[in-house]
Amino acid sequence: MTRVRIKSQSEIEAMRRSGKAASTILQRIGEAIKPGVSTYELNQISRQTIEELGGTSSFLGYQFPGHNPYPATICVSLNEQIVHGIPSKDVLLNEGDIVGIDTAIFLDGYHGDNAFTFSVGEIAPDAQELLDTTRVSLYRAIEAASPGNRLGDVCFALQDGAESHGFSVVRDFSGHGIGRQLHEEPQVPTYGDAGRGVRLMAGMTLAIEAMVNVGNSDMRVLDDGWTAVTTDGSLSALFEHTVVILSDGPEILTDNSELWGK
Ligand code: MF3
Ligand code: CO
């Protein structure tokens, strides 16, 4: 039995603040992205911004069962890396890269979680198509997050958005409920059947994650124990928003439309 925690008005207000803070971090990182910058420097921006906003990192020290504690405040996933790339002084951004940044903040008792895949300078047309497709499928999934719909409508929108372009969705990771915990019920997979699953209700808060590969869904984890990469070496992109379902439809708590075109 899935237990989804419905948030009250005051909890939703608090999540508007943590969502806004999470999008501020992503925006600051976006402004710093250019060839020659190390992924460590991007983590520093996140660390400093979280501190300035009065929160703590949702990721630093996070433990998935069977993993080491996560060592940073952002995940930086370059090109064929899918998710959970660890920032490093030795990794510099190059012209033509795509770089997925995932960051979250715990502020006044609630988490805000978001991700965006940036281009570094000029990128190839297939990389641009991947970014556009992944972002559009996230927004289609968010539109499906309305009261009366079912969770499967959201998941199907993610899958269909990717597969209609001949891409594949990442099947080993998923979005999630969010609130006092970074990961709450329900899980939000990137694939599913329309009309199936939990009925969506006003007051649910979801971190919806669109994760798409140009090639197939197969992945492996590097020796660092975290970084997931495509087995076929194809590019992968991710976009994520924290969303609250209201009686008249979804509201994006981590809005970042000013980042588009970056
Ligand atoms: N947005 C991802 C998630 O919610 C990132 C997790 S990174 C970790 O699962 F550090 F928390 F592991
Ligand atoms: Co997440």
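The model is predicted, so to speak of conventions first: local features need pLDDT of at least 70, side-chain atom pairs count only at pLDDT 80 or more, and totals for chains, interfaces and linings use all residues. Residues are numbered from 1 along each chain as its sequence is written, chains are lettered from A and ligands numbered from 1 in the order in which they are written, and side-chain values use heavy atoms, with hydrogens and water left out.

I begin with the overall architecture. The protein contains four helices and 13 strands, where helices (H or I, at least four residues) and strands (E, at least two) are DSSP runs numbered from the N terminus. Its radius of gyration is 17 Å, close to the 18 Å that the globule rule gives for 262 residues, so the protein is as compact as a globular protein of that length. That radius is taken over C-alpha atoms, and the rule is 2.2 Å times the number of residues to the power 0.38. The C-alpha trace spans about 45 × 45 × 40 Å along the principal axes. Of the 262 residues, 56% count as buried, meaning under 20% relative accessible area, with exposed being over 50% and partly exposed in between (1.4 Å probe, protein chains only).

Let me turn to β2. Five of its five residues are buried, so β2 is largely enclosed by the rest of the structure. In a regular strand the side chains alternate between the two faces of the sheet. Here Ile-74, Val-76 and Leu-78 lie on one side of β2 and Cys-75 and Ser-77 on the other, and all are buried. β2 pairs with β4 in the antiparallel sense over five bridges; two strands pair if DSSP finds at least two bridges between them. Val-76 has Ile-101 of β4 as its bridge partner.

Three strands form an open antiparallel sheet in the order β3-β11-β10. β3 (81–83) and β10 (219–221) are the edge strands, each pairing on one side only. β10 is joined to β11 (residues 228–230) by three bridges, and Met-219 has Thr-230 as its partner in β11. The loop between β10 and β11 holds Asp-224, which is partly exposed with a relative accessible area of 32%.

What is the volume of the largest pocket? It is about 570 Å³. On a 1 Å grid over the protein atoms alone, a pocket is an open set of points with protein on both sides within 12 Å along at least five of seven lines, a cavity is a set where a 1.4 Å probe fits but cannot get out, and lining residues have an atom within 4 Å of a point. Grid points are joined across faces, edges and corners, and a volume is the space filled by probe spheres set on the points.

The largest pocket is lined by 29 residues, with Phe-64, His-84, Phe-173, Ser-174 and His-183 nearest its centre. β2 and β4 are among the strands that each supply at least two lining residues, while β8 gives the most, with four.

The count of cavities of 30 Å³ or more comes to one. The largest cavity is lined by ten residues, of which Phe-116, Tyr-139, Phe-239, His-241 and Asn-256 lie nearest its centre.
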